[in-house]
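Me: I would like to go through the terms used for this model and see what each one rests on. Please set the values against the cut-offs.

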Amino acid sequence: MNSIIFALLKPNLAFTTCKRLFATAKFHTPRAEPDAHAFKKHKKHKKFPLYEGKPLQLAPKVQELPKQKFDYFLVLDFEATCDSPVNLDPQEIIEFPVLKINGATLERESKFHSYVKPVVNPELTDFCTELTGIIQGVVDNSPEFPEVFKNFQTWMKEEQILDTGAQFAFVTCGDPDLDYLLPLQCQVSEISVPDYMKQWINIKRSFCEIRPYTWPDNLSAMLKYCELEHIGDLHSGVDDAINIARVLRDLAERGHVFTHNGWKKT
């Protein structure tokens with residue numbers, strides 16, 4: 001332990017030396033057994049810094065796409081009412097895009113896309129319009145959320161996703177879409193969140209599961225690391241969904257097999 005303290009006090013000691021000292025040190029702090037009934041928490045990922053100016057390189061691509069656990073991936077990215085510096089309460093979904101991605105080919109097969117008319121705060125703020133590109137006239141002429149959600153479920157049935165035994169998973173860039181926005185919107189609209197939308201794939205966590213196991217700050221960072229050009233407008237729900245689907249395919253091409261890694265607490 002004294003060697004570790006000495007290492008930390010020496011500013012010129014190489015990082016690799018510190019790493020070796022910590023690796024060989026023995027710690028005897030007692031560990032409590034986890035509660036078997038505790039809710040499964042999200043795995044924490046550390047963002048590893050890059051040393052000596054080396055560029056970040058992802059795992060190489062494989063010759064064949066690996067077999068996935070899902071028949072379909074449903075890539076989703078909501079846009080919601082918002083303001084700054086003080087946000088709106090509650091936020092309401094104003095754009096609802098979902099891409100249907102074939103689990104075997106990772107190709108897009110279909111798209112659901114609808115704008116949504118907010119009811120609690122029906123007037124979009126200038127900040128919201130500037131951020132999302134959605135103007136007042138678009139939402140004024142769009143259906144309210146209960147109708148949009150019903151249309152979405154009808155689309156899922158028409159696409160042979162629901163009630164067919166197909167295995168599917170929603171894919172998001174972060175947790176708020178299905179952990180916060182959808183439950184909040186359903187509460188406002190007085191409808192229930194279906195069980196199949198209470199778990200999802202957070203593409204950021206999936207990104208952490210391939211070499212070099214680095215947490216990406218945002219979608220733009222993932223596109224950069226995957227050497228993909230950004231398509232469309234940032235914070236356009238449908239354009240963001242398209243770019244998330246491109247990252248999804250890129251990670252699969254590097255051998256990643258996706259599993260649920262986000263869950264809604266009940």
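Reply: What follows takes the terms one at a time, with the values behind them.

This is a predicted model, in which local features need pLDDT of at least 70, side-chain atom pairs count only at pLDDT 80 or more, and totals for chains, interfaces and linings use all residues. Residues are numbered from 1 along each chain as its sequence is written, and side-chain values use heavy atoms, with hydrogens and water left out.

Me: How many helices and strands does the chain have, and what makes a run count as one?

Reply: The chain has nine helices and seven strands. Helices (H or I, at least four residues) and strands (E, at least two) are DSSP runs, numbered from the N terminus.

Me: Why is Phe96 called buried?

Reply: Buried means under 20% relative accessible area, exposed over 50%, and partly exposed in between (1.4 Å probe, protein chains only). Phe96 has a relative accessibility of 0%, so Phe96 counts as buried. Phe112, with a relative accessible area of 9%, is buried as well. Buried residues make up 43% of the 266 residues in the chain.

Me: Is Glu130 buried or exposed?

Reply: Glu130 has a relative accessible area of 71%, so this residue is exposed. Glu130 is found in helix H3 (residues 126-132).

Me: What makes His235 partly exposed?

Reply: The relative accessible area of His235 is 31%, so His235 is classed as partly exposed. His235 lies in the loop between H8 and H9.

Me: Which residues is His235 in contact with, leaving aside its neighbours within four places in sequence?

Reply: They are Glu79, Leu131, Thr132 and Asp240. Contact means heavy atoms within 4.5 Å. For Thr132, the C-alpha to C-alpha distance from His235 is 5.1 Å, although they are 103 residues apart in sequence. In the chain as a whole, residues 24 or more positions apart account for 70% of the contacts with a separation of 6 or more.

Me: How do you know that Ser206 is buried?

Reply: Ser206 has a relative accessible area of 1%, so Ser206 is buried. Ser206 is found in helix H7 (residues 203-208). Leaving aside neighbours within four places in sequence, Ser206 is in contact with Ile201, Leu251, His256, Phe258 and Asn261.

Me: What makes a set of residues a nonpolar core, and which residues touch the most other members of the largest one?

Reply: A nonpolar core is a set of buried Ala, Val, Leu, Ile, Met, Phe, Trp, Tyr and Cys residues joined through side-chain atoms within 4.5 Å. The largest has 28 residues, and those touching the most other members are Phe96, Phe152, Met156, Phe170, Leu182 and Met197. Two or more residues come from each of strand E1 (72-76), strand E3 (93-102), helix H5 (145-158), strand E5 (168-172) and helix H6 (176-189). H5 gives the most, with six residues. There is a second, separate core of 27 residues, which includes Ala169, Cys173, Ile203 and Cys226.

Me: Why is the pair of Phe96 and Phe112 called edge-to-face?

Reply: Rings of Phe, Tyr and Trp (its six-membered ring) pair if their centres lie within 6.5 Å; planes under 30 degrees apart count as stacked, over 60 as edge-to-face and the rest as tilted. The ring centres of Phe96 and Phe112 are 5.7 Å apart and the planes stand at 85°, so the pair is edge-to-face. Phe96 lies in strand E3 and Phe112 in strand E4 (residues 108-115), so the pair ties together parts that are 16 residues apart in sequence.

Me: What is the pair of Phe96 and Phe152 called, and why?

Reply: Here the centres are 4.9 Å apart and the planes are at 45°, so the pair of Phe96 and Phe152 is tilted. Phe96 is in strand E3 and Phe152 in helix H5, so this pair ties together parts that are 56 residues apart in sequence.

Me: How many aromatic pairs are found in the whole structure?

Reply: The search finds 17 aromatic pairs. Ring pairs link a cluster whose members include Phe78, Phe96, Phe145, Trp155 and Tyr196.
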